[in-house]
Amino acid sequence: MIKKFNYKKYIVYISFIIVFTVFSIVLKDKGFSSPANLMNILRQTSMISVAAIGMCFAISAGLIDLSIGGVISITALLVALLLKYSISVPVAVTAGLGMGALCGAINGGIVAKVRIPSFLVTLGTSTIFAGASRIMTNLEAVPITNKVFNNVFGSGNIGPISSLFIWTLIMMTIGHIVYKKTSFGKAVLSVGGNESAARYSGINVDKTKFWTMVICSISASFAGIMYAARMHGARYTLGENDVMSVIAAVVIGGTSFSGGKGTIVGTIIGSIVIGILNNGLLLMGLSVSEQMIARGVVIIIAVSLSLRESRD
Amino acid sequence: MDNYIEFKNIKKAFIGQLAVKNVSFSIRKGEIHALLGENGAGKTTLLNILHGLFPATEGEIFIGGKKVEFFDSKDAIKEGIAKVHQEINLVPEMTVMQNIMLGDEKRKGILLNKKQMYQETEEILKKLKCKFNAKDKVSRLNTGEKQMLQIAKALKGQAKIISFDEPTSSLSNNEVKTLFSIIKELKSQGITVIYISHKLDEIYELCDRATIMRDGEYINTFEIKGLDKSVLIKNMVGRDVEMFAKRQKPLRANYLQTVLSVEHISGKEGYEDISFNLYKGEILGFFGLVGAKRTEMMKGIFGATPLIQGKIYKNNKEIKNCSPYNAISHSIGFLPENRKEEGFIKDLNNTDNMALASLDYFERNFFQNKKQKYKNALEKGKRVGLMPNDPDFITRNLSGGNQQKVIVGKWLTTNADILIFDEPTKGIDVGSKADIYAIMEELLEEGKSIIMISSELPEIIGMSDRIIVMHEGKITGVLKREEFNEAEILLRAVGGKE
Ligand SMILES: Nc1ncnc2c1ncn2[C@@H]1O[C@H](COP(=O)(O)OP(=O)(O)OP(=O)(O)O)[C@@H](O)[C@H]1O
Ligand SMILES: [Mg+2]
């Protein structure tokens with residue numbers, strides 16, 4: 001039978017190869033493709049990757065979460081404060097994730113019960129969460145001196161591999177399994193694909209939306225924990241500018257912006273593409289403002305390629 | 001002109017599938033030409049090529065001796081080739097006028113000329129005898145009204161060629177009559193009409209000639225006048241089939257055992273004080289014209305829309321705060337009339353769509369059992385006669401009738417013992433209708449009970465144990481099988497007798 005190459009499905013891998021090759025050639029003398037730099041890229045993108053896993057669930061369900069930046073900083077600050085008062089690591093981490101779940105429950109509760117679009121709900125809560133994280137320490141940074149915490153969740157290595165990257169792989173595996181193999185994953189896809197058909201098939205749409213928002217927020221709070229461990233401290237600015245990168249990673253990764261279709265593995269590749277971009281533009285010696293412009297342009301190109309409807 | 005529209009060696013390949021194989025035939029100017037064939041024969045695909053929705057892989061189309069090639073449906077519309085789609089394609093949040101004028105807004109300078117647009121819309125609506133207004137929001141229309149709106153939209157331009165893809169599948173008798181007189185009027189104006197339908201009576205009433213396709217191939221073109229129906233069917237299906245809806249097995253309704261009891265329910269959609277019982281092993285038919293609120297009422301029973309008042313008992317136990325989720329957990333299933341909007345998830349494959357209402361059933365220690373789901377899809381696909389019966393096929397890419405079969409398969413997968421079928425054979429071809437009827441009888445044998453809404457009188461008379469007739473949201477008659485009588489049913493449906 002006739003097979004046509006459906007480039008759209010592989011767009012994330014194609015952009016990955018393009019971006020990687022271009023920078024490898026252009027930045028050959030600056031050591032772009034050295035193992036150390038590559039591991040550096042993976043380390044830098046881990047937080048985006050982990051947050052993007054939850055965002056992939058949200059976008060697949062036809063939702064979006066703009067409040068993850070605030071969730072990242074609230075969680076990081078909370079964990080840092082708890083560790084400062086010598087609370088044990090497992091308790092602090094659990095409390096951090098619990099904080100993420102609480103933020104998600106607020107978002108999800110409003111989305112499911114009051115029936116306001118998630119875009120508007122999280123536009124509102126994003127400033128609430130960001131404000132709350134400023135109040136928490138009065139804009140002060142909180143250092144973390146707990147070596148175990150810093151090593152396990154951030155700056156440590158196993159052999160040559162950064163623990164941040166290992167966490168990314170673990171989260172990706174869990175995310176992928178939940179997305180592909182559980183009833184919840186199917187419910188997410190069907191709510192995003194066709195909400196009324198999902199309802200008529202007995203899917204509990206409100207419940208699915210609620211838990212999707214909770215999962216999205218928890219994965220952001222895990223990213224917050226990783227940030228804190230990597231930086232050996234927390235500050236209200238953590239995650240401030242990440243929401244765009246996270247959403248771009250998901251869409252470049254091949255998840256349909258209108259819901260109903262997506263991939264977790266693609267999302268991770270998408271976020272690595274963004275990471276390469278950030279790193280490459282930096283090595284090219286562009287100023288911060290130039291980087292911002294270049295990054296925006298490349299993201300628009302990549303996203304429009306993956307959004308374009310192929311004709312059949 | 002004998003060869004007004006000419007298809008020459010048209011071929012269309014989709015990823016993994018050849019939908020149209022080397023089709024050549026021609027259509028005369030000013031005739032009403034039927035396109036017939038089983039589900040998945042390639043009828044819609046062929047029309048889509050004519051209308052520029054996608055290009056043919058090979059082959060050419062000539063209109064009036066001139067080769068045409070459209071890259072876009074807008075090109076085709078400019079050339080006067082209009083289409084009434086098989087699936088409803090409207091923007092629900094816009095008004096009737098906005099939908100009709102979409103993409104072709106009238107302007108006065110840089111501003112929209114609303115007055116002119118309303119005027120033109122009102123004219124078209126009046127011509128079609130539509131009961132809704134130009135200012136109504138589309139989301140408030142029912143399926144039949146939406147279908148009329150689709151037709152109005154196609155009739156707007158100065159069309160030379162109009163095609164109808166199963167236009168009557170959601171219309172009531174009266175609307176069908178109006179539609180037919182419009183189509184005949186179009187013909188008398190010299191407009192060429194292409195007409196797809198699975199209802200042969202319509203073909204005989206309306207069409208001059210019919211072209212039959214099977215399995216993507218051209219089979220034959222016939223003059224309708226004087227043609228035997230069985231010849232037509234044999235050419236379509238390739239074998240003889242049972243044409244009439246009738247019960248093949250002994251009736252088995254047990255009137256001593258009520259499985260569903262509906263008491264005095266009303267909803268804001270306009271159905272009022274509805275009470276009836278469903279007995280074990282029966283098919284309870286619901287007949288009515290558009291506006292009878294049968295679908296709306298069933299949605300209320302299924303919990304998809306709230307009830308204002310009334311109670312529902314399943315096996316003598318009240319079902320409280322009903323939602324589809326709750327109804328399904330009480331083993332009530334509902335096959336909606338509107339398959340694209342309510343029936344299936346577009347990006348999922350047949351395996352997942354058929355499993356959708358039974359996700360709990362397929363769960364083993366948190367995980368979906370993929371193998372079992374795949375096996376189920378294969379088995380149900382075979383039972384409903386799905387073509388192609390490929391569990392990995394994305395449901396959206398199936399032909400209209402085959403999508404319907406997937407949704408039937410979804411409800412066969414659940415263990416629901418009360419099934420509400422809203423127009424179950426909508427878009428299903430002559431050959432497969434009998435399969436659906438047989439499946440319904442098998443369900444009765446398994447101890448289940450069925451409520452069937454149908455707007456086809458022969459179907460409802462042939463299959464039901466009892467018929468409830470509704471008119472404008474109220475029950476106007478309950479008939480036992482021995483009392484079935486077309487005239488009586490129609491009289492009650494128009495509210496002529498209480
Ligand atoms: N986008 C697509 N991708 C793959 N296959 C497709 C696509 N669209 C249609 N097909 C296949 O082409 C074949 C013909 O479909 P088509 O919709 O033309 O049938 P039809 O004759 O209109 O049937 P029906 O009476 O059920 O509407 C079907 O087997 C269908 O699965
Ligand atoms: Mg069709």
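User: Which helix gives the most to the lining of the second largest cavity?

Analyst: This is a predicted model, in which local features need pLDDT of at least 70, side-chain atom pairs count only at pLDDT 80 or more, and totals for chains, interfaces and linings use all residues. Residues are numbered from 1 along each chain as written, chains are lettered from A and ligands numbered from 1 in written order, and side-chain values use heavy atoms without hydrogens or water. Helices (H or I, at least four residues) and strands (E, at least two) are DSSP runs numbered from the N terminus. With 3 residues, the top contributor to this lining is helix α15 (residues 430-445) of chain B.

User: Which residues line the second largest cavity, and how do they divide by class?

Analyst: On a 1 Å grid over the protein atoms alone, a cavity is a set of points where a 1.4 Å probe fits but cannot get out; a pocket is an open set with protein on both sides within 12 Å along at least five of seven lines; lining residues have an atom within 4 Å of a point. The lining here is V408(B), F421(B), P424(B), I436(B), I439(B) and M440(B). Ala, Val, Leu, Ile, Met, Phe, Trp, Tyr, Cys and Pro count as nonpolar, Asp, Glu, Lys and Arg as charged, and the others, Gly among them, as polar. The division is 6 nonpolar, no polar and no charged.

User: What is the volume of the largest cavity, and what classes line it?

Analyst: The structure holds 2 cavities of 30 Å³ or more. The lining of the largest one has 1 nonpolar, 6 polar and 5 charged residues, among them E87(B), R339(B) and K426(B). A volume is the space filled by probe spheres set on the grid points, which are joined across faces, edges and corners. For the largest cavity that is about 90 Å³.

User: Which domains of chain B each give at least three residues to the lining of the largest cavity?

Analyst: Domain bounds come from an automatic or database domain assignment. At least three lining residues come from each of domain 1 (3-241) and domain 2 (243-494) of chain B.

User: Which element gives the most to the lining of the second largest pocket?

Analyst: This pocket holds about 870 Å³ of space. It has 34 lining residues, and those closest to its centre include S183(A) and Y361(B). Elements giving two or more residues include α8 (183-193) of chain A and α13 (370-384) of chain B. The most, 5 residues, come from α13(B).

User: Which residue does E195(A) form a salt bridge with?

Analyst: A salt bridge puts a side-chain nitrogen of Lys or Arg within 4 Å of a carboxyl oxygen of Asp or Glu. The closest N and O atoms of this pair are 3.2 Å apart. E195(A) sits in helix α9 (residues 195-200), and its partner, 14 residues apart, in helix α10 of chain A. That partner is K209(A).

User: Where is the cis peptide bond that joins M387(B) to its partner?

Analyst: Most peptide bonds are trans. Here omega is about -10 degrees. P388(B) lies in the loop between α13 and α14 of chain B. The cis bond joins M387(B) and P388(B).
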